[in-house]
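Hi everyone, thanks for making time. I'd like to walk you through a structure that may be new to you, so please have a look at it with me.

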Amino acid sequence: MTTHESTPLEHPVLAQACAVMREAYERGWISTRDGNVSVAMSDRRGFLVSASGVIKHALVPSQFVFVPADPAAAGAANTALRPSGELDLHRRLQALLARRALTVLHLHPTHIVAALYAGRNLAELSADFPEVTRYTRVGPNIPALPATSTELAEACEDAFQPALGPAPHILGLDRHGVVAVGKTPWEAFEHVERLEHICRIALAAGHRHIHHPDTIDEETGHVPRRP
Ligand SMILES: [Zn+2]
C-alpha cells in the first residue's frame, strides 16, 4: 500500500494536458518539442507547467514543474526539470486569469500562423464565422515578438485584459502561434481547434472573399473580377 501524500504532480488534469499536447502533435500543430501548457492548482497554491524541451507527443505528468504562486515558496518544486521557456507568459496569465481559467495552452497551429503571416486580422476573420464567435472570443493579433521574451509575455498579458469588453479566449502571435485559455486543457484546445478550422477555410478561399454586397457592380449586377 502506498503511503505517498498527494503531490502537485498528481493534479487530475495533468493527464488531460498531456493528451492535449499529444493530439496537437498528431494534428501537426507543433513539432516534437514545441508548445507548452500550464494548469492551475485548484487550491490556487500555484500552477504546473510542462518542462522545457521535453517531447510533447510523449509528455507525462512527471514532466511538469510546480511553480508556486508565492515566489517565497520556490524550491519546493521538483528541481530535475526546468520549466518551459515561456514560463513568464504562463506565470503572468495564470496570475491574471486565476479566477476564470485553469489552463494556459501555447501551440503553433499551421493555418492560424499562415493566416497571421498573410496579414489577416484574426478577430475580424472570426467575426465572419458564427461557429467561432458563439463559443470563442478571439483577441487582437500580437505582433511578431521573440519567443520566450518578456515583451511577448507582456503583450499577451495586456491583450487578455482589454479595457473594454470581455477577455478573449485565444490570441494569435504573428510568425509564431497561439495562446489559448480554458477551464480545462480540452476547453483551451477547442478554442484553438475552432480558430484553426476557420483559418484553414479562409486561406482556402484565398483573397477572393467579398466582405460587403456593395462590392457588386451596380450596372452589371456582378462582382467585378479581380486581377
Ligand atoms: Zn512557441
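Let's begin with one term: donors here are N, O and S atoms within 2.8 Å of the metal. Please keep in mind that this is a predicted model.

So how are the donor residues of the zinc ion spaced in sequence? The pattern is H-x1-H-x67-H. H106 and H176 link distant parts of the chain, 70 residues apart. You'll find H106 in strand β4, residues 103–107, while H176 sits in the loop between β5 and β6. The protein donors are the NE2 atoms of H106, H108 and H176, lying 2.0 to 2.1 Å from the zinc ion.

Are H106 and H176 buried or exposed? The cut-off for buried is under 20% relative accessible area. H106 counts as buried because its relative accessibility is 2%, and H176 is buried too, at 12%.

The largest pocket has a volume of about 210 Å³. It is lined by 14 residues, and G46, F47, A69, Q94 and A95 are the closest to its centre. Which element gives the most to this lining? That's α2, with 3 residues, and β2 and β3 each supply at least two. By type, the lining of the largest pocket has 9 nonpolar, 2 polar and 3 charged residues.

The second largest pocket holds about 160 Å³ of space. Among its 16 lining residues, R33, D34, G35, N36 and S84 lie nearest the centre. Here the lining divides into 10 polar, 4 charged and 2 nonpolar residues.

Definitions and conventions: Residues numbered from 1 in each chain as written. Predicted model: local features only at pLDDT ≥ 70, side-chain atom pairs only at ≥ 80, totals over all residues. Heavy atoms only, no water. 1 Å grid on protein atoms, 1.4 Å probe; cavity = no way out; pocket = protein on both sides within 12 Å on 5 of 7 lines; lining within 4 Å. Points joined across faces, edges and corners; volume = space filled by probe spheres on them. Helix = DSSP H or I, 4+ residues; strand = E, 2+ residues; numbered from the N terminus. Nonpolar A, V, L, I, M, F, W, Y, C, P; charged D, E, K, R; others polar. Donors = N, O, S within 2.8 Å, 3.2 Å for Na, K, Ca; no water. Buried < 20%, exposed > 50% of the residue type's maximum accessible area, 1.4 Å probe, protein only.
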